[in-house]
Amino acid sequence: MKIYTGRGDEGMTDLQDMSRISKTSPRIEAYGTVDEVNSLIGLTRPSGYDDVDERLERIQNHLHIIQADFANPDETDTDSPHIEEHHVEKLEDWMDRFDEELEPLQSFILPGGSDIGARLHHARSVCRRAERRAVALAADEPINDAAVAYLNRLSDALFVFARVLNEREGIPEEAPEY
């Protein structure tokens with residue numbers, strides 16, 4: 001299989017059903033931004049903490065499913081992978097477990113800290129953009145609601161993971177000054 005085909009040279013790309021669509025479409029923006037989140041998470045592994053890395057690897061696979069989900073204009077296609085509610089619940093479970101290591105938040109915090117914590121904060125902010133792109137797509141076309149919920153919850157999970165890694169690295173959180 002060749003990596004290059006030349007089929008995108010005119011600004012169009014193929015969806016999963018082989019229909020052609022502009023590379024500027026909301027659908028491409030949505031799954032392209034999910035790809036950015038996935039790549040940023042890839043920059044954080046290995047983090048030096050097996051429990052975090054195991055979850056991040058699972059998340060990367062979930063994001064790959066969301067990309068495939070968004071690349072398929074037929075959201076009812078049962079032969080294609082889909083994010084489901086149990087994936088969202090898994091993120092919530094992981095956050096609850098990691099939250100036990102943390103002091104409750106007293107204020108907003110500045111994104112940053114350790115190198116790995118800052119990378120996760122960056123992934124979190126791009127995840128918020130991916131969610132906005134997915135919501136924009138959903139305004140025009142039917143998509144999997146669980147995928148949108150997953151992106152919403154994932155940004156929260158990445159925030160918690162960043163806090164945990166900064167705590168484990170002994171990096172204090174900084175509150176913004178107003």
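Begin with the pair of helices α2 and α3, whose crossing is left-handed. This is a predicted model, and everything on the tour should be read with that in mind. To find the pair, select residues 50–70 for α2 and residues 85–99 for α3, and you will be looking at two helices whose axes come within 12 Å and cross at roughly 160 degrees. Because angles over 145 degrees count as roughly antiparallel, α2 is described as roughly antiparallel to α3.

Now show the side chains where these two helices touch. On α2, select D51, V52, R55, R58, I59 and H62, and on α3 select H87, K90, L91, W94, R97 and F98, which together make the contact.

Next, move to the loop between α1 (26–42) and α2, where P46 is found. Select R45 together with P46, and look at the peptide bond that joins them, which is cis, with omega at about 0 degrees. Most peptide bonds, by contrast, are trans.

The following stop is a second pair of helices. Select residues 115–140 for α4 and residues 145–168 for α5, whose axes come within 8 Å and cross at roughly 170 degrees. These two helices are therefore roughly antiparallel to each other. Among the residues that make their contact are L120, A123, C127 and A134 of α4, together with L151, L158, F161 and L165 of α5. By class, the contact of α4 with α5 has 15 nonpolar, 5 polar and 4 charged residues.

From the helices, turn to the pockets. Which residues are the closest to the centre of the largest pocket? Select I3, Y4, T5, R7 and D14, which are the closest to the centre among the 12 residues that line this pocket. The space in the largest pocket is about 220 Å³. Then select strand β1 (residues 12–14), which gives the largest share of the lining, 3 residues. Coloured by class, the lining divides into 4 nonpolar, 4 polar and 4 charged residues.

For the last stop, go to the second largest pocket, in which about 150 Å³ of space lies. Of the 14 residues that line it, select E103, P104, L105, R163 and E173, which are the closest to its centre. The lining of this second largest pocket divides into 7 nonpolar, 3 polar and 4 charged residues.

Terms used
Residues are numbered from 1 along each chain as its sequence is written. This is a predicted model: local features need pLDDT of at least 70, side-chain atom pairs count only at pLDDT 80 or more; totals for chains, interfaces and linings use all residues. Side-chain values use heavy atoms; hydrogens and water are left out. Axes are lines fitted to C-alpha atoms, for helices over the stretch in contact, and angles run from 0 to 180 degrees between N-to-C directions. Helices (H or I, at least four residues) and strands (E, at least two) are DSSP runs, numbered from the N terminus. Angles under 35 degrees count as roughly parallel, over 145 as roughly antiparallel, 65 to 115 as roughly perpendicular and the rest as oblique. A crossing is left-handed if the near helix is turned anticlockwise from the far one by less than a right angle, and right-handed if clockwise. Contact means heavy atoms within 4.5 Å. On a 1 Å grid over the protein atoms alone, a cavity is a set of points where a 1.4 Å probe fits but cannot get out, and a pocket is an open set with protein on both sides within 12 Å along at least five of seven lines; lining residues have an atom within 4 Å of a point. Grid points are joined across faces, edges and corners, and a volume is the space filled by probe spheres set on the points. Ala, Val, Leu, Ile, Met, Phe, Trp, Tyr, Cys and Pro count as nonpolar, Asp, Glu, Lys and Arg as charged, and the others, Gly among them, as polar.
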